[in-house]
Structure formats: C-alpha cells, structure tokens
Amino acid sequence: MGRDLNTGKHDIVAAGVVVTPEREELYAFTDTYMDTGWMLVLKDQTADGKPNYSNFSEAVKGSTVFTTEYGAAGQDELEAIVQSHGNARMMDSSTPYLEISNVIQGRADAAYDNSRVMQYYIFKNSTDPKTKTYGIMDPNAQTSYFAFAVKKGNDELLNQLNEGLREMKANGKYDELRAKWFGE
C-alpha cells in the first residue's frame, strides 16, 4: 500500500483502508468515514435445501478451509481462529473479490475479512442462487475504521479530503452512496 504513496506514485489510497497503529506511523489518514467489523462469508446453500450456519462459532467449527488476503488487517485474527480450530487451514487470496470467488467455487469454506467490503460482495451476489453468499459477524473482533491514506506531510490534500467528507455527510450524498453500494 504505502510504497506507492511514499514514493509519490500515488497521492491517495482509498480502497477499504483500515486504520491501524502501525499504518498511522507510516501514513497520514483522513477522518474516518465508515466503521467495520470482521466477518466470515460462506456460500448460501438454502437453494440446495441445506441450512446456513446460525452463528460464528458454528460456522468456524463447520469449516476447514479459510481464506483471506494475506498481509491485510484481518490476517492475524484469522490465523488465531484457524489455530484454535485444529484441522483447519488457510489459503491466500490476493483480493477480497478472490476470497469470495474461492468460497463460491468451493475452494474455500469461508472467507474472513472486514465486514463492509464483504457486505458489498454479499449484496452484489444476492440475486443469483449460484453466487449467493451470507456473512456472520465475528463477535470477538474489535471494530475497525476506514479512512483515506495520504503521504505524511501532504496536509493540503488531507484537508481537502476531510472537507469533502464533511460536505458529503452534510448534504446527504454519503448516505445515498452507502445505500447504493451496500443496500443499507
């Protein structure tokens, strides 16, 4: 993420960037614009007459192959979940889209990532029984927050982005965009 920010190749990283203390040491962040939890995403099998899991613990126990984006903020949490499971294993998916694809195509039983990104894919795939997925929130995960990242010291851009976020929230555009992309 930051290599291109710190070299000046990119001015902003804006694709679901979770603010972490480690990242705050390296980059400047705008005001947060959305919170996120962490969730498992599983293939919906109700069209085949099979029930979906009803809670996180049940879903973990019933899964053996978990996928996430290695190097992303949720990797450590998933590693802890897998280690406590016994016969489970992890597989790397280089993007959240590939995480979902691996679940839909049966290569993984469950994807683990931040809930807002996963909610987008769940919403996007919700009308086709072949691609329909569902999510179960991790009740033990801490809430995280999204923000735009910029190179430290780029205060002018940081201030412009913060001003734009405030304006979008005040004029209703922020809520309109959330509803469009997440179905909320």
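Modeller: With a cut-off: rings of Phe, Tyr and Trp pair if their centres lie within 6.5 Å. By that rule, ring pairs link Tyr-33, Phe-146 and Phe-148 into a cluster. Keep in mind that this is a predicted model.

Biologist: How many aromatic pairs does the structure hold?

Modeller: There are five aromatic pairs. In one of them, the ring centres of Tyr-33 and Phe-148 are 4.9 Å apart and the planes are at 25°, so this pair is stacked.

Biologist: Are Tyr-33 and Phe-148 buried or exposed?

Modeller: Both Tyr-33 and Phe-148 are buried. For another geometry, take Tyr-120 and Tyr-121, an edge-to-face pair with 5.0 Å from centre to centre and 70° between the planes. Tyr-121 is buried, with a relative accessible area of 14%, whereas Tyr-120 is partly exposed at 23%.

Biologist: Which residues of H7 are buried?

Modeller: Leu-157, Leu-158, Leu-161, Asn-162 and Leu-165 are the buried residues of H7. They cover an arc of only 135° around the axis, which puts them on the same side of H7. On the other side of H7, the exposed residues are Glu-156, Glu-163, Glu-167 and Ala-170.

Biologist: What do the buried residues of H7 pack against?

Modeller: They pack against three strands: E1 (12-13), E2 (27-29) and E10 (149-151). After H7 comes Gly-172, with a positive phi near 90°.

Biologist: Which residues of helix H4 (residues 75-85) are buried?

Modeller: The buried residues of H4 are Gln-75, Leu-78, Ile-81, Val-82 and His-85. Their arc around the axis is only 125°, which puts them on the same side of H4. Asp-76, Gln-83 and Ser-84 are exposed on the other side of H4. The cover over the buried residues of H4 includes H3, strand E5 (65-68), strand E6 (89-92) and strand E7 (110-114). Gly-86 follows H4, and the phi of Gly-86 is positive, near 100°.

Biologist: Where is Asp-48 found?

Modeller: Asp-48 is in the loop between strand E4 (38-43) and helix H3 (56-61). Over 50% relative accessible area counts as exposed, so Asp-48, at 60% relative accessibility, is exposed. Asp-48 and Pro-129 are 81 residues apart in sequence, and their C-alpha atoms are 9.1 Å apart in space.

Biologist: How many helices and strands does the protein chain have?

Modeller: The protein chain has eight helices and ten strands. Its radius of gyration is 18 Å, close to the 16 Å that the globule rule gives for 184 residues, so the chain is as compact as a globular protein of that length. The C-alpha trace spans about 55 × 35 × 30 Å along its principal axes.

Biologist: How much of the chain is buried?

Modeller: Of the 184 residues in the protein chain, 40% are buried. The accessible surface is about 10,300 Å², and carbon and sulfur atoms hold 48% of that surface.

Notes: Residues are numbered from 1 along each chain as its sequence is written. This is a predicted model: local features need pLDDT of at least 70, side-chain atom pairs count only at pLDDT 80 or more; totals for chains, interfaces and linings use all residues. Side-chain values use heavy atoms; hydrogens and water are left out. Buried means under 20% relative accessible area, exposed over 50%, partly exposed in between (1.4 Å probe, protein chains only). Helices (H or I, at least four residues) and strands (E, at least two) are DSSP runs, numbered from the N terminus. The arc is that of the directions from the helix axis to the C-beta atoms. Contact means heavy atoms within 4.5 Å. The radius of gyration is taken over C-alpha atoms; the globule rule is 2.2 Å times the number of residues to the power 0.38. Accessible areas come from the Shrake-Rupley method with a 1.4 Å probe; for residues, only the protein chains shown count as cover. Rings of Phe, Tyr and Trp (its six-membered ring) pair if their centres lie within 6.5 Å; planes under 30 degrees apart count as stacked, over 60 as edge-to-face and the rest as tilted.
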